[in-house]
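Please look over the model below before reading on. My points follow in order, from the chain interface to the domains.

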Amino acid sequence: MAINKGFLNFSILRKFAMALSGLFLVIFLLQHLTINLTSVFSSDAFNSLSHFMGTNPLVQFLLQPILAFGVFFHLSMGLVLEIKNRNARPIKYAYSKPEENSSWMSRNMIITGVMIMLFLGLHFYDFWFPELKLKFIDGIWNNETRYFIELQHKFHDPIRVALYVLSFVFLSLHLMHGFQSAFQSIGFRNKSYTPFIKKLSSIYAIVVPFGFVCIAIYHFLAQ
Amino acid sequence: MNLTLKIWRQKEAKASGSMETYKVSEISEHMSFLEMMDVLNEQLINEGKEPIAFDHDCREGICGSCSMYINGEPHGPDRGVTTCQLHMRKFKDGDTIHIEPWRAASFPVIKDLVVDRSAFDRIIQSGGYVSVNTSGNSQDANAIPIPKEDADNAFDAATCIGCGACVAACKNSSAMLFVSAKVSQLALLPQGQVERKERVLSMVDQMDTEGFGNCSNTGACEIECPKGISLDNIARMNRELLSAKI
């Protein structure tokens, strides 16, 4: 009986979970940008905020594992859905005009998603893995002034800055469709709110990645 | 007008097919696309060749039989029409037209441009109905008051002819627009309330079993649907399923 099937055994509910994890990451990105923005205006404010996020037990041992799971779930479920979708059309059309009925962003979420995944690898290599080593292997938790210096050091390399900028272009393209699509997946669609959500989605998809790009370029030029 | 046609030919389900090229001449711009195909088939029969197999029935946009992927779009370049309602005036003299069958693992090709769409039938059989006692004592449906908006939305959903253009247009071969229209037309009406939860669970379960892909919300299905079925129905089905499951 269909009613006894597990939650994630329904294609629609897999998409529902995908949408929720995506919206969670959207909120996280906003928080990340807010803290990063302080680095442009005050190194002390950036250091104290980063130190709080890096040492607060609630953030470290509750929110960070939830975030890690959210990222892992969103990526792995995205790949699972992509495989299922490809299997649904084993023979492609010889001649097709998908641009007549849908946007490039909506059709290529897997490409932009994989590019973001590769960027996350670089980002973890740059910041998260050294952070884990410092705290959990070297046992250094009290250095409150290192965060701003580490940030500046990473954005010294023009190639790294270019990679960051390119990655945020992919993030923007991903968000352009993903943000508003998540609301459709959870069934939130009506004549009053949907136009607003679509506008908000476009604004968010441009402003947030652009903010990260500006911060990276600012620190590169400031050195 | 004179046209070059590149058409998918496949002898049978298990055969490997290929695109074949044909020339047709003196095609009137007032012909429907299927009439142009009839002209080509007459030409092939006169030449002693196998005519092209394609689905068609009412030829007035109601039955949902005709199913051709024309120049990269289901039902061709026009909007809000089926292949039988597509007219040759949409093309120019000298054009090359590509014609393929719907492509989906759940719609296997039977021959040439004919695909097996019985997956849709099995989805309907799984729950797309209202169980009514037909002993003669049934209440007249028109005697039950229904809000105008619900009646309109249910009617709009019910205009789905099950042609499969949504599946053909979707990059994932998703059947969400079709299934959501069938779920919606009953979920919106009082007669559909009794089996509401079981219906959406069973129909989505059958849709998944048939191997259709997931919905990526590209909106291609809505744009290519000859009956203009709205994405609102997909959002409604998502709500219906979540509500039924929890």
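**Notes on the two interfaces**

1. Chain A and chain B bury about 3800 Å² between them, with 53% of that area on carbon and sulfur atoms. Buried area here is the accessible area (1.4 Å probe) that two parts lose on being put together, summed over both. A:Ile12, A:Tyr93 and A:Asn101 supply 18% of what chain A buries against chain B, more than any other three residues.

2. A word on conventions. This is a predicted model, where local features need pLDDT of at least 70, side-chain atom pairs count only at pLDDT 80 or more, and totals for chains, interfaces and linings use all residues. Residues are numbered from 1 along each chain as its sequence is written, chains are lettered from A and ligands numbered from 1 in the order in which they are written, and side-chain values use heavy atoms, with hydrogens and water left out.

3. Chain A brings 42 residues to the contact and chain B brings 52. Contact means heavy atoms within 4.5 Å.

4. Which residues form the salt bridge between the chains? A:Arg189 pairs with B:Asp232, the closest N and O atoms being 2.5 Å apart. The count between chain A and chain B is 1 salt bridge. The rule asks for a side-chain nitrogen of Lys or Arg within 4 Å of a carboxyl oxygen of Asp or Glu.

5. Polar contacts across the chain interface come to 26 residue pairs, both at pLDDT 80 or more. Each is a pair of N or O atoms within 3.5 Å; within protein, one must be able to donate a hydrogen and the other to accept it, and residues adjacent in sequence count only if both atoms are side-chain atoms.

6. On the side of chain A that touches chain B, helices H1 (11-41), H3 (57-87), H4 (104-107) and H7 (158-185) of chain A each supply at least two residues. Helices are DSSP runs (H or I, at least four residues), numbered from the N terminus. The largest share, 6 residues, comes from H1(A).

7. Now the domains. Chain B is assigned domain 1 (3-111) and domain 2 (118-245); the bounds come from an automatic or database domain assignment. Their centres, taken over C-alpha atoms, are 29 Å apart.

8. In chain B, 18 residues of domain 1 are in contact with 19 residues of domain 2. About 1400 Å² is buried between these domains, and carbon and sulfur atoms give 55% of it. B:Pro74, B:Ser106 and B:Phe107 supply 35% of the area that domain 1 buries against domain 2.

9. Between the two domains of chain B, the salt bridge count is 1. B:Glu224 and B:Arg79 meet in a salt bridge at 3.2 Å, N to O.
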